[in-house]
Amino acid sequence: MWWSNLFTDMSPASFFNFSFLPKYGVFFIQGIEYTLMLAVVSVLLAVIPALMLALMRLSKNKLIHAISGAYIALFRSTPLLVQLSIIYFGLFGVINIPRYSLFGFVDISRFIPGVVALALNSSAYVAEIFRAGILAVDKGQTEASRSLGLSAWQTMRLVVLPQAIKNVLPALANEIITMVKESSICSTLGMAELMFGAKAVASSTYITLAPYTLAALIYFCINYPASKGIEAIERRMRRGDKA
Amino acid sequence: METRPDLIRVEKLTKKYNHGQVVALHENDLTVKRGEVVAIIGPSGSGKSTFLRCLNLLEKPTSGHIYFDGVDLADRSVDINLHRRKMGMVFQHFNLFPHKTVLQNITMAPVTLKLKTPAEAEAKAKQLLERIGLPDKINEYPNMLSGGQKQRIAIIRALAMEPEVMLFDEPTSALDPEMVGEVLDLMRDLAKDGMTMVVVTHEMGFAREVAERVIFMDSGSILEENTPAELFDHPQNPRTQLFLSKVL
């Protein structure tokens, strides 16, 4: 084919020496899939605990308030790589997950610890998103609902949360984008996501730079359009609002 | 006339903020009889809204008693949610639920609290919407409605609970002038039907025409109460005189 000799004259250190593609392209395809699974699954798993943390944070009970505050502070003030290592070697050193491959390339004995660590980390951030979303709902909404005789919990469930969740959907989508990027850290523990694929290709082909250029391009092509899309949705939502 | 039983009896109602530094209400007494329409007037910051919001405990009184149907709502062991069902409230800013249709706004509370089946609640909502001439808005969302329509729907949302008293917190203050009339008409209608009403208002014409008794409040205290004719034409307290000279 016309392109089979395209890269032969390029140096191994060239930015665009993509000569590995025909043989190793599959690493990147699987890497994208692995990365997206990590990001989406961990944020979805984070939603329920984050909601609980946010409600706890808004509770008048001092102990409940403090527990949630401590969790959020702990996960926001330590590096994700450290959290990941502690969860991987500590928690999942005790809990044994059988080696089993999903779709032929997702080894669950690594994927599950990764998802758990990302979800625990993400829930601290998403909790703050929810808390802000709940506080942003007009106080008059709560008062109207309580004045009709509904309990605090019924008011939260039927009046405040539906409005809060609608308000935070864009922020939640942004959290997925953050996770697409942050999950590259999982490569250090052998999870075969995009960054891991790039590293593997670099070390087996001695093409030192281009696999990372390609990974950067792929990350960008996922995240940039996604964030632009979220912005557009956000704008439209703001226009349709105001009761 | 005065054989009507008391529905609300307020005794020495006091509300302080900031650990007692700000006194919003100071030892106020008031009795509202069943079927009575009471208007509360006074300058802004006088505590009239706070007073009204204490009646259904949206504000927690610092001390004093609020007897509603003989039960002291200020007693912490009382389940306030049960009593709020019987006390409808209408707010200055309507506070319709923007994520729910008009029908859902009206039926949410009675259905959630299992006071009515969904079918019963819907029938009642239709009847109420018919009454205010907005049956075609039943499936609209609040942001499609005018201010006057929103406030009238907020009123029937409260009525759908079949309350024993309706509390109005400056219901026309946020409305464009041309929409004040339609809301006052509905309130006048309610009064005629014998609803017990406590109305915080700046509409002196409405207070004079519809209220049986007008309360004047200033700096956290009820300073004067009388029939509208007496209070508006022969105010006794100098502060009432000063206030009325400015607004009438």
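Ser219(B) counts as partly exposed because its relative accessibility is 45%, where buried means under 20% relative accessible area, exposed over 50%, and partly exposed in between (1.4 Å probe, protein chains only). Ser219(B) sits in the loop that joins strand E9 (213-218) to strand E10 (221-226) of chain B, and although this residue is not a glycine, its phi is positive, near 40°. Helices (H or I, at least four residues) and strands (E, at least two) are DSSP runs, numbered from the N terminus.

Lys12(B), likewise not a glycine, has a positive phi of about 50°, and its place is in strand E1 (residues 6-17) of chain B. With a relative accessible area of 49%, Lys12(B) is partly exposed. As background, most residues other than glycine have a negative phi.

## Basis of the model

This is a predicted model, in which local features need pLDDT of at least 70 and side-chain atom pairs count only at pLDDT 80 or more, while totals for chains, interfaces and linings use all residues. Residues are numbered from 1 along each chain as its sequence is written, chains are lettered from A and ligands numbered from 1 in the order in which they are written, and side-chain values use heavy atoms, with hydrogens and water left out.

## Where chain A meets chain B

The contact (heavy atoms within 4.5 Å) involves 21 residues from chain A and 24 residues from chain B. About 1,900 Å² is buried between the two chains, with carbon and sulfur atoms giving 60% of this area; buried area is the accessible area (1.4 Å probe) that two parts lose on being put together, summed over both. The rule finds one salt bridge across the interface, a term for a side-chain nitrogen of Lys or Arg within 4 Å of a carboxyl oxygen of Asp or Glu, and it joins the side chains of Arg53(B) and Glu143(A) at 2.7 Å, N to O.

On the side of chain A that touches chain B, helix H5 (139-147) and helix H6 (152-182) each supply at least two residues, and H5(A) gives the most, with seven residues. The residues of this side divide into seven nonpolar, nine polar and five charged.

Asn95(B) lies in the loop between strand E6 (87-90) and helix H3 (102-112) of chain B, and at 8% relative accessibility it counts as buried. Leaving aside residues up to four places away in sequence, Asn95(B) touches Asp138(A), Gly140(A), Gln141(A), Ala144(A) and Arg157(B). The side chain of Asn95(B) reaches the backbone oxygen of Gly140(A) at 3.1 Å.

## Two serines of chain A

Ser187(A) is found in the loop between H6 and H7 of chain A, where it is buried, with a relative accessible area of 6%. Residues touched by Ser187(A), not counting those up to four places away in sequence, are Glu193(A), Met195(A), Phe196(A) and Lys199(A).

Ser203(A) belongs to helix H7 (residues 194-205) of chain A and, at 51% relative accessibility, counts as exposed.

## Confidence in chain A

The predictor's confidence in each residue is pLDDT, from 0 to 100; its mean for chain A is 88, and 94% of the residues of chain A reach 70 or more. Within chain A, confidence is lowest in strand E1 (residues 101-102), at a mean of 78, and highest in H5(A), at 97.

How values were computed. Ala, Val, Leu, Ile, Met, Phe, Trp, Tyr, Cys and Pro count as nonpolar, Asp, Glu, Lys and Arg as charged, and the others, Gly among them, as polar. A polar contact is a pair of N or O atoms within 3.5 Å; within protein, one must be able to donate a hydrogen and the other to accept it, and residues adjacent in sequence count only if both atoms are side-chain atoms.
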